[in-house]
Amino acid sequence: MSDPHDVALGARLLAIEVTMRILVEQASRSEAGVRERIRGTVEDYLSGLDQNAEVEQDFADRAREFIGSILRVPER
């Protein structure tokens, strides 16, 4: 059986991700470079992490994966 906390967290993250995708899509209609700007800001943050630390590298990899999911261009 699933942990109720995990279910609640998963539902919350889904809601946040869907909302962010819609907002990014809307913003990209008026600002063509918004996806690149967001990705650049994330990369700037990640570049300050200790690249030799396993936990921080895992964090960076997951952050890139999640931001990629949010910034992907929807199929039409």
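Contact here means heavy atoms within 4.5 Å. Helices are DSSP runs of H or I with at least four residues, and strands are runs of E with at least two, numbered from the N terminus.

This is a predicted model, where local features need pLDDT of at least 70, side-chain atom pairs count only at pLDDT 80 or more, and totals for chains, interfaces and linings use all residues. Residues are numbered from 1 along each chain as its sequence is written, and side-chain values use heavy atoms, with hydrogens and water left out.

1. Start with H1, residues 4-30. At the start of H1, a side-chain oxygen of Asp3 comes to within 3.0 Å of the backbone nitrogen of His5.

2. What is buried in H1? Val24, Glu25 and Ser28 are, with buried meaning under 20% relative accessible area, exposed over 50% and partly exposed in between (1.4 Å probe, protein chains only). The cover over these residues includes H2 and H3.

3. Now the H2/H3 pair. Helix H2 (residues 34-47) packs on helix H3 (residues 54-71) at about 170°, with the axes 11 Å apart. Axes are lines fitted to C-alpha atoms, for helices over the stretch in contact, and angles run from 0 to 180 degrees between N-to-C directions. That makes H2 roughly antiparallel to H3, a label used for angles over 145 degrees.

4. Who meets whom there? From H2 come Arg35, Ile38, Arg39, Val42, Glu43, Tyr45 and Leu46, and from H3 come Phe59, Ala60, Ala63, Arg64, Ile67, Gly68 and Leu71.

5. Arg35 deserves a look. This H2 residue is buried, at 11% relative accessible area. Its side chain reaches the backbone oxygen of Leu71 at 2.6 Å. Leaving aside neighbours within four places in sequence, Arg35 is in contact with Val24, Glu25, Ser28, Leu71, Arg72, Val73 and Pro74.

6. Last, Pro74, in the segment after H3. Not counting residues up to four places away in sequence, Pro74 touches Glu25 and Arg35. As for Leu49, Pro74 is 25 residues from it in sequence and 31 Å from it in space, C-alpha to C-alpha.

Key
Angles under 35 degrees count as roughly parallel, over 145 as roughly antiparallel, 65 to 115 as roughly perpendicular and the rest as oblique. A polar contact is a pair of N or O atoms within 3.5 Å; within protein, one must be able to donate a hydrogen and the other to accept it, and residues adjacent in sequence count only if both atoms are side-chain atoms.
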